[in-house]
Amino acid sequence: MVIPDHYAVMGNPIAHSKSPQIHTMFAYQTNQNLIYTPILVEVGKFEEAITVFHNQGGKGLNITIPFKNQAWSLMDKCSSEAQRAKAVNTIAIKEDGSLFGYNTDGIGLVRDLTQNHGKRISGQRLLLLGAGGAASGVIEALLSEKPSHLAVINRTSAKAIELAARFSPFGTIIGGGHELLENNSFDLIINATASSLHGEVPQLPPRILNPNSWVYDMMYGNESTAFIKWGQIQGAEHCLDGLGMLVEQAAESFFIWRKIRPNTAPIITQLRLKQRDRLLTIGE
Ligand code: NDP
(Lines give C-alpha, C1' and ligand atoms only; values in the text may rest on other atoms or scores of the structure.)
Protein backbone atom coordinates (compact mmCIF):
# COMPACT_ATOMS: atom_id res chain seq x y z
CA MET A 1 0.00 0.00 0.00
CA VAL A 2 1.30 3.48 -0.85
CA ILE A 3 1.34 5.70 2.25
CA PRO A 4 -0.92 8.73 1.70
CA ASP A 5 0.61 12.22 1.72
CA HIS A 6 -0.31 14.22 4.80
CA TYR A 7 -1.77 17.76 4.69
CA ALA A 8 -3.35 19.71 7.55
CA VAL A 9 -4.93 22.99 8.63
CA MET A 10 -3.50 24.75 11.69
CA GLY A 11 -5.39 27.36 13.68
CA ASN A 12 -6.98 28.24 16.99
CA PRO A 13 -9.89 27.53 17.22
CA ILE A 14 -9.99 24.78 14.58
CA ALA A 15 -12.88 22.42 15.44
CA HIS A 16 -15.33 24.41 13.28
CA SER A 17 -13.08 24.24 10.17
CA LYS A 18 -14.60 22.73 7.03
CA SER A 19 -11.20 22.46 5.32
CA PRO A 20 -10.65 18.74 6.20
CA GLN A 21 -14.04 17.90 4.70
CA ILE A 22 -13.38 20.00 1.58
CA HIS A 23 -9.90 18.60 0.87
CA THR A 24 -11.09 15.05 1.48
CA MET A 25 -13.83 15.62 -1.12
CA PHE A 26 -11.27 17.14 -3.54
CA ALA A 27 -8.99 14.10 -3.07
CA TYR A 28 -11.85 11.69 -3.71
CA GLN A 29 -12.97 13.64 -6.79
CA THR A 30 -9.47 13.81 -8.30
CA ASN A 31 -8.28 10.37 -7.13
CA GLN A 32 -5.40 11.66 -5.01
CA ASN A 33 -3.85 9.54 -2.24
CA LEU A 34 -3.79 11.94 0.70
CA ILE A 35 -5.10 12.60 4.18
CA TYR A 36 -5.96 16.05 5.55
CA THR A 37 -6.37 16.69 9.28
CA PRO A 38 -7.17 19.65 11.59
CA ILE A 39 -4.43 20.63 14.06
CA LEU A 40 -5.24 22.85 17.04
CA VAL A 41 -2.15 24.92 17.83
CA GLU A 42 -1.61 26.71 21.11
CA VAL A 43 -0.87 30.39 20.71
CA GLY A 44 2.92 30.73 21.17
CA LYS A 45 3.60 27.22 19.82
CA PHE A 46 3.02 27.77 16.12
CA GLU A 47 6.64 27.56 14.98
CA GLU A 48 7.13 24.37 16.98
CA ALA A 49 3.95 22.87 15.47
CA ILE A 50 5.25 23.49 11.94
CA THR A 51 8.57 21.84 12.78
CA VAL A 52 6.84 18.77 14.22
CA PHE A 53 4.55 18.47 11.17
CA HIS A 54 7.51 18.84 8.85
CA ASN A 55 9.60 16.23 10.76
CA GLN A 56 6.71 13.80 10.50
CA GLY A 57 6.85 14.07 6.70
CA GLY A 58 3.90 16.46 6.19
CA LYS A 59 3.62 17.84 2.66
CA GLY A 60 1.55 21.00 3.06
CA LEU A 61 -0.46 23.18 5.41
CA ASN A 62 -3.33 25.61 5.43
CA ILE A 63 -3.07 28.32 8.05
CA THR A 64 -6.00 30.12 9.62
CA ILE A 65 -6.82 32.51 12.50
CA PRO A 66 -4.67 33.72 14.24
CA PHE A 67 -1.44 32.53 12.58
CA LYS A 68 -1.45 33.88 9.00
CA ASN A 69 0.89 36.79 9.72
CA GLN A 70 3.26 34.69 11.82
CA ALA A 71 3.30 32.05 9.09
CA TRP A 72 4.44 34.71 6.61
CA SER A 73 7.35 35.63 8.90
CA LEU A 74 8.51 31.99 9.07
CA MET A 75 8.67 31.21 5.33
CA ASP A 76 11.90 30.59 3.40
CA LYS A 77 10.19 32.00 0.31
CA CYS A 78 6.79 33.53 -0.51
CA SER A 79 4.68 34.17 -3.59
CA SER A 80 4.49 37.86 -4.47
CA GLU A 81 0.82 38.02 -3.28
CA ALA A 82 1.69 36.55 0.12
CA GLN A 83 4.72 38.82 0.39
CA ARG A 84 2.62 41.95 -0.20
CA ALA A 85 -0.23 40.73 2.03
CA LYS A 86 2.27 39.76 4.78
CA ALA A 87 -0.10 36.83 5.35
CA VAL A 88 0.23 33.16 4.36
CA ASN A 89 -2.70 30.73 4.27
CA THR A 90 -1.01 27.93 2.29
CA ILE A 91 2.41 26.35 2.86
CA ALA A 92 4.09 23.89 0.51
CA ILE A 93 6.86 21.88 2.17
CA LYS A 94 9.50 21.24 -0.48
CA GLU A 95 11.65 18.09 -0.88
CA ASP A 96 14.62 19.88 0.73
CA GLY A 97 12.42 20.83 3.72
CA SER A 98 12.14 24.51 2.82
CA LEU A 99 8.80 26.28 3.35
CA PHE A 100 7.11 28.14 0.49
CA GLY A 101 4.20 30.41 1.49
CA TYR A 102 1.21 31.45 -0.64
CA ASN A 103 -1.96 33.42 -0.09
CA THR A 104 -4.99 32.02 -1.93
CA ASP A 105 -7.69 34.07 -0.13
CA GLY A 106 -7.76 36.80 -2.79
CA ILE A 107 -8.18 34.46 -5.72
CA GLY A 108 -10.77 32.51 -3.71
CA LEU A 109 -12.90 35.59 -3.02
CA VAL A 110 -12.71 36.95 -6.57
CA ARG A 111 -13.53 33.56 -8.12
CA ASP A 112 -16.52 33.14 -5.85
CA LEU A 113 -17.85 36.63 -6.61
CA THR A 114 -17.19 36.71 -10.35
CA GLN A 115 -17.43 33.07 -11.47
CA ASN A 116 -19.86 31.50 -8.98
CA HIS A 117 -22.15 34.52 -8.54
CA GLY A 118 -21.55 36.48 -11.76
CA LYS A 119 -20.74 39.72 -9.90
CA ARG A 120 -18.91 42.34 -11.95
CA ILE A 121 -16.28 44.15 -9.88
CA SER A 122 -14.83 46.46 -12.52
CA GLY A 123 -16.09 50.03 -12.18
CA GLN A 124 -17.85 49.23 -8.90
CA ARG A 125 -17.55 51.14 -5.60
CA LEU A 126 -16.18 48.65 -3.07
CA LEU A 127 -16.07 48.78 0.71
CA LEU A 128 -13.91 46.31 2.64
CA LEU A 129 -14.53 46.14 6.39
CA GLY A 130 -11.56 44.98 8.49
CA ALA A 131 -7.79 45.17 8.23
CA GLY A 132 -6.63 41.81 9.57
CA GLY A 133 -5.15 38.80 7.78
CA ALA A 134 -8.22 38.15 5.64
CA ALA A 135 -8.53 41.76 4.48
CA SER A 136 -4.85 42.12 3.59
CA GLY A 137 -5.00 38.86 1.64
CA VAL A 138 -7.80 39.97 -0.71
CA ILE A 139 -6.99 43.62 -1.49
CA GLU A 140 -4.59 42.99 -4.38
CA ALA A 141 -6.96 40.54 -6.08
CA LEU A 142 -9.90 42.97 -5.70
CA LEU A 143 -7.88 45.86 -7.13
CA SER A 144 -6.76 43.72 -10.06
CA GLU A 145 -10.45 43.59 -11.11
CA LYS A 146 -10.34 47.42 -11.53
CA PRO A 147 -13.11 48.67 -9.22
CA SER A 148 -13.76 52.44 -9.43
CA HIS A 149 -12.36 52.60 -5.90
CA LEU A 150 -11.87 50.50 -2.79
CA ALA A 151 -12.38 51.89 0.72
CA VAL A 152 -10.86 49.90 3.59
CA ILE A 153 -12.38 50.69 6.98
CA ASN A 154 -11.32 49.30 10.32
CA ARG A 155 -12.20 49.75 13.99
CA THR A 156 -8.50 50.47 14.53
CA SER A 157 -8.18 52.98 11.68
CA ALA A 158 -4.35 53.07 11.61
CA LYS A 159 -4.28 49.49 10.27
CA ALA A 160 -6.62 50.39 7.38
CA ILE A 161 -4.54 53.47 6.57
CA GLU A 162 -1.38 51.32 6.46
CA LEU A 163 -3.05 48.78 4.14
CA ALA A 164 -4.25 51.52 1.78
CA ALA A 165 -0.73 52.95 1.60
CA ARG A 166 0.80 49.50 1.00
CA PHE A 167 -1.60 48.61 -1.84
CA SER A 168 -1.90 52.07 -3.46
CA PRO A 169 0.35 51.05 -6.41
CA PHE A 170 -2.35 48.55 -7.47
CA GLY A 171 -5.38 50.84 -7.79
CA THR A 172 -7.53 53.55 -6.22
CA ILE A 173 -7.70 52.75 -2.52
CA ILE A 174 -8.36 54.74 0.64
CA GLY A 175 -8.18 53.57 4.22
CA GLY A 176 -9.39 54.92 7.54
CA GLY A 177 -12.04 54.82 10.22
CA HIS A 178 -15.82 54.93 10.03
CA GLU A 179 -15.86 58.70 9.45
CA LEU A 180 -14.90 57.93 5.81
CA LEU A 181 -18.32 56.37 5.32
CA GLU A 182 -20.45 59.46 5.92
CA ASN A 183 -22.47 60.41 2.80
CA ASN A 184 -21.02 57.55 0.74
CA SER A 185 -22.73 54.50 -0.69
CA PHE A 186 -21.20 51.33 -2.15
CA ASP A 187 -22.08 48.70 -4.75
CA LEU A 188 -20.41 45.87 -2.85
CA ILE A 189 -19.61 45.69 0.87
CA ILE A 190 -17.32 42.85 1.97
CA ASN A 191 -17.09 42.02 5.65
CA ALA A 192 -13.58 40.79 6.47
CA THR A 193 -13.87 41.49 10.19
CA ALA A 194 -14.25 38.79 12.80
CA SER A 195 -17.40 40.53 14.13
CA SER A 196 -19.79 37.83 12.87
CA LEU A 197 -17.91 35.31 15.02
CA HIS A 198 -19.43 37.18 18.00
CA GLY A 199 -22.82 37.75 16.35
CA GLU A 200 -21.99 41.46 15.91
CA VAL A 201 -22.07 43.81 12.92
CA PRO A 202 -19.51 46.61 12.41
CA GLN A 203 -21.08 50.04 12.94
CA LEU A 204 -22.30 51.40 9.59
CA PRO A 205 -24.24 54.57 8.80
CA PRO A 206 -27.71 54.42 7.16
CA ARG A 207 -27.99 54.79 3.37
CA ILE A 208 -24.67 53.11 2.74
CA LEU A 209 -26.38 50.63 0.39
CA ASN A 210 -28.43 51.31 -2.71
CA PRO A 211 -31.08 48.85 -4.00
CA ASN A 212 -28.52 47.16 -6.31
CA SER A 213 -25.83 46.76 -3.67
CA TRP A 214 -24.47 43.37 -2.70
CA VAL A 215 -23.11 42.39 0.70
CA TYR A 216 -20.61 39.57 1.24
CA ASP A 217 -19.58 38.14 4.61
CA MET A 218 -16.34 36.13 4.54
CA MET A 219 -17.66 34.31 7.57
CA TYR A 220 -20.02 31.36 6.98
CA GLY A 221 -22.10 29.11 9.19
CA ASN A 222 -25.12 26.87 9.24
CA GLU A 223 -27.32 29.90 9.85
CA SER A 224 -27.16 33.38 8.30
CA THR A 225 -24.46 35.50 9.93
CA ALA A 226 -25.29 38.76 11.73
CA PHE A 227 -23.85 40.69 8.78
CA ILE A 228 -25.99 38.80 6.24
CA LYS A 229 -29.07 39.51 8.36
CA TRP A 230 -28.09 43.19 8.46
CA GLY A 231 -27.77 43.24 4.65
CA GLN A 232 -31.20 41.65 4.25
CA ILE A 233 -32.80 44.22 6.58
CA GLN A 234 -31.09 47.03 4.66
CA GLY A 235 -32.54 45.70 1.38
CA ALA A 236 -29.32 44.58 -0.34
CA GLU A 237 -29.95 42.92 -3.72
CA HIS A 238 -27.78 39.90 -2.83
CA CYS A 239 -26.38 38.76 0.54
CA LEU A 240 -23.66 36.11 0.26
CA ASP A 241 -21.63 34.22 2.85
CA GLY A 242 -18.01 33.07 2.56
CA LEU A 243 -18.57 29.35 1.94
CA GLY A 244 -17.84 29.69 -1.78
CA MET A 245 -14.66 31.66 -1.03
CA LEU A 246 -13.59 28.96 1.39
CA VAL A 247 -13.97 26.25 -1.26
CA GLU A 248 -12.29 28.36 -3.97
CA GLN A 249 -9.27 29.26 -1.83
CA ALA A 250 -9.00 25.60 -0.86
CA ALA A 251 -9.09 24.57 -4.54
CA GLU A 252 -6.18 26.91 -5.24
CA SER A 253 -4.20 25.42 -2.32
CA PHE A 254 -4.97 21.93 -3.64
CA PHE A 255 -3.73 22.96 -7.08
CA ILE A 256 -0.48 24.34 -5.58
CA TRP A 257 0.15 21.04 -3.77
CA ARG A 258 -1.15 18.45 -6.26
CA LYS A 259 -1.02 20.30 -9.62
CA ILE A 260 -4.59 19.26 -10.30
CA ARG A 261 -7.63 21.56 -10.13
CA PRO A 262 -10.75 20.15 -8.50
CA ASN A 263 -14.23 21.00 -9.77
CA THR A 264 -15.59 23.26 -7.02
CA ALA A 265 -19.28 23.54 -8.02
CA PRO A 266 -20.41 20.06 -6.83
CA ILE A 267 -18.45 20.47 -3.60
CA ILE A 268 -20.15 23.81 -2.82
CA THR A 269 -23.54 22.24 -3.58
CA GLN A 270 -22.82 19.28 -1.30
CA LEU A 271 -21.74 21.56 1.57
CA ARG A 272 -24.87 23.71 1.15
CA LEU A 273 -27.05 20.59 1.27
CA LYS A 274 -25.28 19.42 4.44
CA GLN A 275 -25.86 22.88 5.98
CA ARG A 276 -29.56 22.64 5.11
CA ASP A 277 -29.86 19.09 6.50
CA ARG A 278 -28.20 20.18 9.74
CA LEU A 279 -30.63 23.10 10.06
CA LEU A 280 -33.59 20.79 9.43
CA THR A 281 -32.29 18.38 12.08
CA ILE A 282 -31.80 21.20 14.58
CA GLY A 283 -35.27 22.52 13.74
CA GLU A 284 -36.95 19.18 14.41
P1 NDP B 1 -7.91 38.83 12.17
O2 NDP B 1 -7.97 38.45 13.61
O3 NDP B 1 -6.60 38.91 11.47
O4 NDP B 1 -8.62 40.27 11.97
C5 NDP B 1 -9.86 40.55 12.57
C6 NDP B 1 -10.41 41.87 12.02
O7 NDP B 1 -11.75 42.01 12.51
C8 NDP B 1 -9.65 43.12 12.49
O9 NDP B 1 -9.72 44.07 11.47
C10 NDP B 1 -10.48 43.55 13.72
O11 NDP B 1 -10.39 44.93 14.00
C12 NDP B 1 -11.88 43.24 13.24
N13 NDP B 1 -12.87 42.99 14.29
C14 NDP B 1 -12.89 41.98 15.19
N15 NDP B 1 -14.01 42.05 15.95
C16 NDP B 1 -14.71 43.12 15.51
C17 NDP B 1 -15.96 43.72 15.89
N18 NDP B 1 -16.70 43.19 16.88
N19 NDP B 1 -16.39 44.82 15.22
C20 NDP B 1 -15.64 45.34 14.21
N21 NDP B 1 -14.45 44.83 13.81
C22 NDP B 1 -13.99 43.72 14.45
O23 NDP B 1 -8.90 37.80 11.45
P24 NDP B 1 -8.91 37.40 9.89
O25 NDP B 1 -8.71 38.67 9.13
O26 NDP B 1 -7.96 36.28 9.64
O27 NDP B 1 -10.41 36.82 9.69
C28 NDP B 1 -11.54 37.69 9.64
C29 NDP B 1 -12.79 36.89 9.27
O30 NDP B 1 -12.71 36.41 7.93
C31 NDP B 1 -13.05 35.66 10.14
O32 NDP B 1 -14.43 35.62 10.44
C33 NDP B 1 -12.68 34.49 9.26
O34 NDP B 1 -13.41 33.32 9.57
C35 NDP B 1 -13.06 35.02 7.89
N36 NDP B 1 -12.30 34.38 6.80
C37 NDP B 1 -12.98 33.64 5.87
C38 NDP B 1 -12.33 33.04 4.80
C39 NDP B 1 -13.09 32.25 3.80
O40 NDP B 1 -12.48 31.54 2.99
N41 NDP B 1 -14.40 32.34 3.76
C42 NDP B 1 -10.87 33.17 4.64
C43 NDP B 1 -10.24 34.00 5.64
C44 NDP B 1 -10.94 34.55 6.69
P45 NDP B 1 -9.18 45.55 14.90
O46 NDP B 1 -7.99 45.61 13.98
O47 NDP B 1 -9.70 46.86 15.31
O48 NDP B 1 -8.97 44.57 16.04
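This is a predicted model: local features need pLDDT of at least 70, side-chain atom pairs count only at pLDDT 80 or more; totals for chains, interfaces and linings use all residues.
Me: How many bridges join β5 to β6?
Reply: Four. Strand β6 (residues 99-102) and β5 run antiparallel. They form a hairpin with five residues between them.

Me: Which residue in that turn has a positive phi?
Reply: Gly97, at about 90°.

Me: Zoom out. What is the strand order of the sheet with β5 in it?
Reply: The order is β2-β1-β3-β5-β6-β4. That makes an open sheet of six strands with mixed pairing. The edge strands, each pairing on one side only, are β2 (34-40) and β4 (77-78).

Me: Where does the parallel sense come in?
Reply: One place is β1 (residues 5-11) with β3: they pair in the parallel sense over four bridges. Tyr7 has Gly60 in β3 as its bridge partner.

Me: Which helix touches β1, β2 and β3?
Reply: Helix α1 (residues 19-30) packs on the sheet and touches those strands. The direction of α1 makes about 175° with that of β2. Helix α2 (residues 46-55) packs on this sheet too, touching β1, β2, β3, β5 and β6. The angle between the directions of α2 and β1 is about 170°.

Me: Next topic, the sheet with β7. What's the order there?
Reply: It goes β9-β8-β7-β10-β11-β12. Six strands again form an open sheet, and here the pairing is parallel. At the edges sit β9 (173-176) and β12 (238-241), each pairing on one side only. From one strand to the next, the twist averages 15°.

Me: How many bridges between β7 and β8?
Reply: Five, in the parallel sense, between β7 (residues 125-129) and β8 (residues 149-153). In that pairing, Leu128 has Val152 of β8 as its bridge partner. Helix α6 (residues 133-144) packs on the sheet, touching β7, β8, β9 and β10 (186-191). The direction of α6 makes about 170° with that of β7.

Me: What about α8, which strands does it lie across?
Reply: Helix α8 (residues 226-234) lies across β7, β10, β11 (209-217) and β12. It runs at about 170° to β11.

Me: Which residues of α8 are buried?
Reply: Ala226, Phe227, Ile228, Trp230 and Gly231. These buried residues pack against β7, β10, β11 and β12. Just after α8, Gly235 takes a positive phi of about 85°.

Me: Back to α6. At what angle does α5 cross it?
Reply: Roughly 50°, and the axes of α5 (residues 105-116) and α6 come within 7 Å. The two helices therefore count as oblique to each other. The crossing is right-handed.

Me: Which residues make the contact?
Reply: From α5, Asp105, Gly106, Ile107, Leu109 and Val110. From α6, Gly137, Val138, Ala141 and Leu142. They divide into six nonpolar, two polar and one charged.

Me: And α7 against α6, how do the axes come out?
Reply: The axes of α6 and α7 (residues 157-167) come within 11 Å and cross at roughly 40°. That crossing is right-handed. Ala135, Ser136, Ile139, Glu140 and Leu143 of α6 meet Leu163, Arg166 and Phe167 of α7. The residues of this contact divide into five nonpolar, one polar and two charged.

Me: Last one. Where is Thr264?
Reply: In helix α10 (residues 264-283).

Me: Why does Thr264 count as buried?
Reply: Because its relative accessibility is 11%, and buried means under 20%.

Me: What does Thr264 contact, neighbours within four places aside?
Reply: Val247, Glu248 and Ala251. Ala251 lies 13 residues away along the chain, and its C-alpha is separated from that of Thr264 by 7.1 Å.

Note on methods:
Residues are numbered from 1 along each chain as its sequence is written. Side-chain values use heavy atoms; hydrogens and water are left out. Two strands pair if DSSP finds at least two bridges between them. Axes are lines fitted to C-alpha atoms, for helices over the stretch in contact, and angles run from 0 to 180 degrees between N-to-C directions. Contact means heavy atoms within 4.5 Å. Buried means under 20% relative accessible area, exposed over 50%, partly exposed in between (1.4 Å probe, protein chains only). Angles under 35 degrees count as roughly parallel, over 145 as roughly antiparallel, 65 to 115 as roughly perpendicular and the rest as oblique. A crossing is left-handed if the near helix is turned anticlockwise from the far one by less than a right angle, and right-handed if clockwise. Ala, Val, Leu, Ile, Met, Phe, Trp, Tyr, Cys and Pro count as nonpolar, Asp, Glu, Lys and Arg as charged, and the others, Gly among them, as polar.
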